[in-house]
Structures are given as C-alpha cells and as structure tokens.
Amino acid sequence: MTRGIKKMTTEVMDAHDMHDDHSPAKGIKRWLFSTSHKDIGTMYLVLSLIMFFVGGAMAMIIRSELAIPGLQFVHPEFFNQMTTMHALIMVFGAVMPAFVGLANWMIPLMIGAPDMALPRMNNWSFWILPVAFGLLASTLFMPGGAPAGGWTMYPPLVLQTGDAFPFLIFSVHLLGLSSIMGAINIIVTVINMRAPDMSLLKMPMFVWTWLITAYLLIAVMPVFAGAVTMLLTDQFFGTSFFLAAGGGDPVMFQHIFWFFGHPEVYIMILPAFGVVSEIIPTFSRKPLFGHDSMVYAASCIAFLSFIVWAHHMFTVGMPLTSQLFFMFATMLIAVPTGVKIFNWVATMWRGSMTFETPMLFSLAFVFLFTIGGFSGLMLAIAPADIQYQDTYFVVAHFHYTLVPGSVFAIMAGTYYWLPKWTGHMYNETLGKVHFWTSTFFVNLTFFPMHFLGLAGMPRRIPDYSTQFADFNTMASVGAIGFGVSQLLFVWVLLTSKKGTKVTAEVWDKPPGLEWTVPSPAPYHTFETPPKLSDADGFH
Amino acid sequence: MIRNLLLGFSVLALADTAEADWALNMPKGVTELSLETYNLHMMVFWWCVAIGVAVFTVMIISLFRHRKSKGAQAATFSHSTTAEVIWTTIPVVILVLMAVPTAETMVRMEDSRNPDMTIVVTAHQWKWHYKYQDSNIEYYSSLARSSVEARRKGTDIDPYSVENYLLDVDNPVVVPSGAKIRLLFTSNDVIHAWWVKDLSIKKDAIPGIVNEAWFKTEQVGTYRGQCAELCGKDHGYMPIVVEVVEPEAYQAWVNSHDAGH
Ligand SMILES: [Cu+2]
Ligand SMILES: [Cu+2]
C-alpha cells in the first residue's frame, strides 16, 4: 500500500516537471546538446546497432570470400582491410558502446540517481564516437586503403599502412578518450549518487560489474593510447621504440598492446555478466545466488586480467619461466569464472522459471559462453596453444565469448529493459524467433571453426587449401543466416511501440529500483532519492 | 541449441577415430613432443567435457523441472557457503592436475641443447629462406607454381584440380630422420610465424630477434604448414614443406646440391 502511494507521488512529481523548462529540447538540438542519461543512452545504443551492421557487412564480405576455395570476390589486400576493420568496428563500435549505452540508461535508474554525475562530459564522450568512426571509415577511400595489419596493429607490419595510418592512430586516441570519460562518469556516479541506503554490497550486479569495468578502462586505455602514440612517432618522428633496425623491439609492442588487450576482453564481458545476473533472477523468480561472491569473483577476474597478457604471445620466444607464469595465471581465471557460472546455475535451481526472450538469450549466454570458456582454458595450456595460436581455433574461441557471449547479453538486456524505455511490450513471438535463429546460426558459424583450427587452418587468410572447404562453407552459410536474423531484431525494435502498454514492473516482480519508475521512464526520474524498500530484491 | 552442442562435442570426441578422412582434431604429429602436445590437448578437452557435462546436466534438469508452467514454486535461498567453497576448491585441484604434466612438456620443448644440425630460417614478405648452417646450402622457398596460377582472382583453374593447393612450395626443407634439428628463426621485414603442425612447431620470425625451436622424428614423410602470423597481403600464400628423408637420401640431396653450385 505504502509502495503504491510512493509510486504515485513520483509520477505526479515527474508529470509536474515535464511542464517546466527541463523538458527535452525539440528536434536535433535535443540530441546534439543532450545531457540526459536516457537520451545519451539511446544514442549510444543506436550507434552501436548501426556499427553492428557495418561490422556485420564486413563479416559478410569475409565469409563470402571464404565460402569456397579460390579467390572469387576480393583481393587479398582488401580482405585484410576487412578483417582489420571488422574487428575494430565490432570491438570499439558495437560491443563497447552498447554496454555504455545500457550503463547510461540503467545505472542511474538502478541506483536511484537523477542522472549521471557529469552530464556534459557524458554528451562529449558520446559525440566523440561518430567523429572517431568517421575518421576510421574514411580510410576505406584513401590511397592504400584502410588499415590491413590486423586490429592488433603489430609493428612493423602496421607501419606499412598507407595514408590510413595516422587516421587509424587518431581514431584510436579518440575512442580511448571517449572510453576514459565514460568510465570516469560511471565511477563518479556510482560512488556518489547512490540512493542513501544503498551500500556498495547492495548494488545490483550490473552496476557492480560496470564499476569494475570502468576501473579497468581507466587503467588500460591510456596504456593503449601510449602504445599507438609510440607507433606514430616511430612512423613520423624518427623514434625506434619498435624498430629493430634502430635498436627497438617489435615484441615490446605486443607486451604493451596485450597489457591493454587482455583487460579489454573483460571490459567486453564483465558488463555482460552483469546483464545476465539481472535477468536470470527475474525469470527464475529467485534472488541471485551468492551476490557477494559474484562481486568478489568479478574483482578477482579484473585483477587477474592484468597479469595474464602474455598468453597471447606463447610463440614469440619468451623464457620458460615467463611462459610458466603466464600459463598458471591464465588457468587461475577459470576459478572465478567458474564461480560465476555455478552461481547462475544455482540461481535457476529450484526457481520457477519462465522463458521470455531476455531469459532465452541469457540461458544461451550461460551455455555458449561456457563453451568459449572451455576453449579459453585449452588455449591457456602453453604447448597446446602453440598449435592453436593464430588458427581458426582462436577465432572460434573469441567469437564464442563475444557473439553468444557479449552480443547475446546486449540483446538480452535490450529485450529486458526495452519495455521500460518505450512503455510497450515488444513482439514476444518475433523476439523468440530472433533468438532461435540467432542461436542456431551462431553455432553453425562458429562451431566448425574449432575443427578448422585444429585441422590446421591459420586465421586471417583469404583463401585456403581444399581440405578446409566443407567447414568453411558451413560457417559462411551460418554467418549469412546470422546476419539476416539480425534484420528481425531491428524489425522488433522498430515495431516495439506498437505493442501493448506495460506496467511499471513490466515483468513478474523483477528486482531493482528501475522497476519502481513508470514505463516508459519519464524524462526525469528520482529527483528525490528513493528508498530501497520501495523495490523488490533488496533485503 | 543443446542438441547442436552435444552433436558438436560428440563429433570432436569421435574425431580421434575418424582422423584420417575427417580432419577434425589436432594431429598427433610425428615427434615425441607433438604427441605429448596432442595428449595434453586431449586431457584438457576431456576435463572440459566432464565439467561441461556436470554443469549442463544440472542446468538442463533445472530448466525442465523448475519451470513455472510445471507449477514449480521458487525457493528463496540465496547463498550457501559450503557449496561455494566446494565449487571453488574442485576447479583448483583440477587445474593443478592439468598444470603439472603441461609444465613438464614445456621444459622438454625448451631444451634445444646438442642439436645434430641447425637451419636458419629467415622470413621475407612472402617467402621463406633456409640456410643450412653446417653446409653452404641456402635457398628461397616460395609457393609452388601450380598454386600461384590457381590462386589468382577470377582464374578459371579449379583449386580442386591443383594438388596440395596453397600448401606446396618450389623448394622444400629437406632433413634427415632421427637427427635433432635445431631451427633458428628471424625475419627480414615484418613478423611471420613458421608453423608445421605435425612437428608441433610454431615460432614467430621477428626482425632483430633470433628465436629457436627443435624437432626430431623417425618418421620419413612430407609435412606441410603455413605462415601463421599476419604479414601483409600474401600472408596466405607462404606455405612451408618439410621433407623428412632417410639419412642416406639426405646425404645424396646434400651432394646433389653441392654439385649444382
Ligand atoms: Cu588474453
Ligand atoms: Cu604470414
């Protein structure tokens, strides 16, 4: 009863606010100058979806060329540009902005804050992104073409890039700048703007995993920026950080890059852990199992992610002792990751489950991310890694963690919170069709790649020996099926406002403060801090 | 989805028996270390299968039994220290069981002392150069002519009509069986990686750095591999062929090479 009254007062207050000068500006100005976490969140998500299709189109080119042996469509130079750009765009354009978008929308709503702590910086960190991707995409039309040395940018190869080279470096700088600002904003918001009775350990898992991710970003993005700056000075200002001829060391770049690159892997997966940790309890109708140990596990993973980077480098000729250290440290990550998976299963155990689209995507996440975790454990075994390194086995591994891992979590989160954003229920049937086609095709695409890698197919090659033909054809069919399935996702999103109106709770007693505000969430929320007792899921 | 995965797993499990016609699994290779590597790979694979079966079984049981449509009432428990201690400890034990034999193999891999002969491998965009340190034999090795013609975009040569399409070279590496061969790797331009899976060797060839690896095999035969580190536009077109021959045949090859100069 009290709760009902509380909700009504918030609604009345929000309705009142809509009439003063805090209502959104009209037209393009609303978006260009926006300081609202909701509008900025939406822009991040839309940008991410566009980039997902741009990067996806590149994947289609790659998979078309690889469908049968022989070179049919593109030249090897262009093929390499496609693999490089596909990776850069998917990592920095699709996955990371999607999680920042979800964070923008949901973190203030989940912790009971009226907005992000630094709204103008929030605006800036978003609008840098289109500029950065504009720079990056423009390289496709330059003499020498887009960067083709792989997203890992290993020198000396990357120094052979044509006019695109400085554009690549500057766009990476901008992306890093945007990420760092986004991360600072999230940390400041989470630390300072929580509802008064929300202690750190009462924070929802999505907020927790994002807090940890934000610290990872602040720690490694400057390192990455430094590494690419050294490339820039090697190229244009006569330094020899990575040039053997001038006394530099090409392997040093790899150490610096992977010091960024491995935490980057967790930057793309920890928020995904957070999303499914929100969804599984809701549809199991049971609290998240071991909330606190989930927090410790995520922190452990984050710490370990800093001391395992050289597992990407078992073939560069490291001393035995370093190899042993990096192997053991990498294997250790399996322990906290296992805790996460066991806890999700324990959350489902003796629950009362229903299988709406967000839950389906989350369950597939648990299954398929675990497969990616297994191949990750196999890759940690240094002697075996020597055989796997730079083959399709690795391609299979990281696509399992990134596509049915991160991307499925993003989709799960989108379906889960979409009714909160729009006030309407999306088309559940089409959502399920989207789920089943995506899941079928994602496995058809990436599972055969394990076999290709084990059988000896290197990655990043435009053409291959005929013995690899069958599985490549399967993967290409799967990729095109997966791509087409995503058009369905766009359709569901575009038509979502046609669905039935939803209540504030949307689902069956979902935990969290975000479900105490009306659906769609009004332009201003939590102008007075809420009490945790208003929401489900806090004890 | 579940059926999909199980199928995939059983296919990989069967790969062991069907290796010859279905290249699904890592080859056992022809050296002691490649066999050890294969065994480590299978050991970790089976551990993963075991853990996967355990976790997924619990999850699948839960998915079928504990659903609302079957009238399942949600329990309210939210933690159990005992359970969490158990599922933290067991993985640690399993990891130790994996780590010990792996470390042993790694120690043997790094032991390149007392080789019978040494070959210096220098990578170039996009061919390999081999120099036999104990004789004056040295030569370049590039993609075989038959593949060079068939690899062109828009060619009407069917890749299937080319024997060992993209995996054949003009001048293979020739080594004697039963000898400990040390390889030294470096590069003339960008980073490449010399990979022959049957020898379980993959080593980066890096400008300014000399890396080493070694192998020893009794099995005469032809072993094929490819460059494994992206090295520019023709990265996919710099294969490696190693011919292991009887010592007498090797000597004859050396002599013919000397005569040729
Ligand atoms: Cu890593
Ligand atoms: Cu190469």
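This is a predicted model: local features need pLDDT of at least 70, side-chain atom pairs count only at pLDDT 80 or more; totals for chains, interfaces and linings use all residues.

Reply: Start with how elements are named: helices and strands are DSSP runs, numbered from the N terminus, and a helix needs at least four residues while a strand needs at least two.

Me: What is the phi of A:R350?

Reply: The general idea is that most residues other than glycine have a negative phi. A:R350 is not a glycine, yet its phi is positive, about 60°. With a relative accessible area of 44%, A:R350 is partly exposed. In chain B, B:N114 also has a positive phi, about 50°, without being a glycine. B:N114 sits in the loop between α3 (81–109) and β1 (117–124) of chain B and is exposed, at 68% relative accessible area.

Me: Is A:T139 buried or exposed?

Reply: A residue counts as buried under 20% relative accessible area. A:T139 has 0% relative accessibility and is therefore buried. A:T139 is in the loop between α5 (119–138) and α6 (164–192) of chain A. Beyond its neighbours within four places in sequence, its contacts include A:M85, A:P147 and A:F167. A:F451, in helix α16 (residues 428–455) of chain A, is buried too, with a relative accessible area of 4%.

Me: How do I read a pair of packed helices?

Reply: Two packed helices are described by the angle between their axes and the distance between the axes. In chain A, the axes of helix α11 (residues 320–332) and helix α12 (residues 334–348) come within 5 Å and cross at roughly 10°. Angles under 35 degrees count as roughly parallel, so α11(A) and α12(A) are roughly parallel to each other. Where they meet, A:T330, A:M331 and A:L332 of α11(A) face A:A334, A:V335 and A:P336 of α12(A) in contact.

Me: How many salt bridges does the structure hold?

Reply: Side chains of opposite charge can pair when their charged atoms come close. Over all chains, the structure holds 11 salt bridges. One of them pairs A:R459 with A:D390 at 3.8 Å, N to O. This pair links distant parts of the chain, 69 residues apart: A:R459 is in the loop between α16 and α17, and A:D390 in the loop between α14 (382–388) and α15 (392–422). A:R459 is buried at 14% relative accessibility, and A:D390 is buried at 6%.

Me: Which two residues form a salt bridge that joins two chains?

Reply: A:D508 and B:K68 meet in a salt bridge of 3.8 Å, N to O. A:D508 lies in the segment after α17 of chain A and B:K68 in the loop between α2 (32–65) and α3 of chain B, so the pair joins two chains. A:D508 is partly exposed at 31% relative accessibility, as is B:K68 at 41%.

Definitions and conventions
Residues are numbered from 1 along each chain as its sequence is written. Chains are lettered from A and ligands numbered from 1 in the order in which they are written. Side-chain values use heavy atoms; hydrogens and water are left out. Buried means under 20% relative accessible area, exposed over 50%, partly exposed in between (1.4 Å probe, protein chains only). Axes are lines fitted to C-alpha atoms, for helices over the stretch in contact, and angles run from 0 to 180 degrees between N-to-C directions. Angles under 35 degrees count as roughly parallel, over 145 as roughly antiparallel, 65 to 115 as roughly perpendicular and the rest as oblique. Contact means heavy atoms within 4.5 Å. A salt bridge is a side-chain nitrogen of Lys or Arg within 4 Å of a carboxyl oxygen of Asp or Glu.
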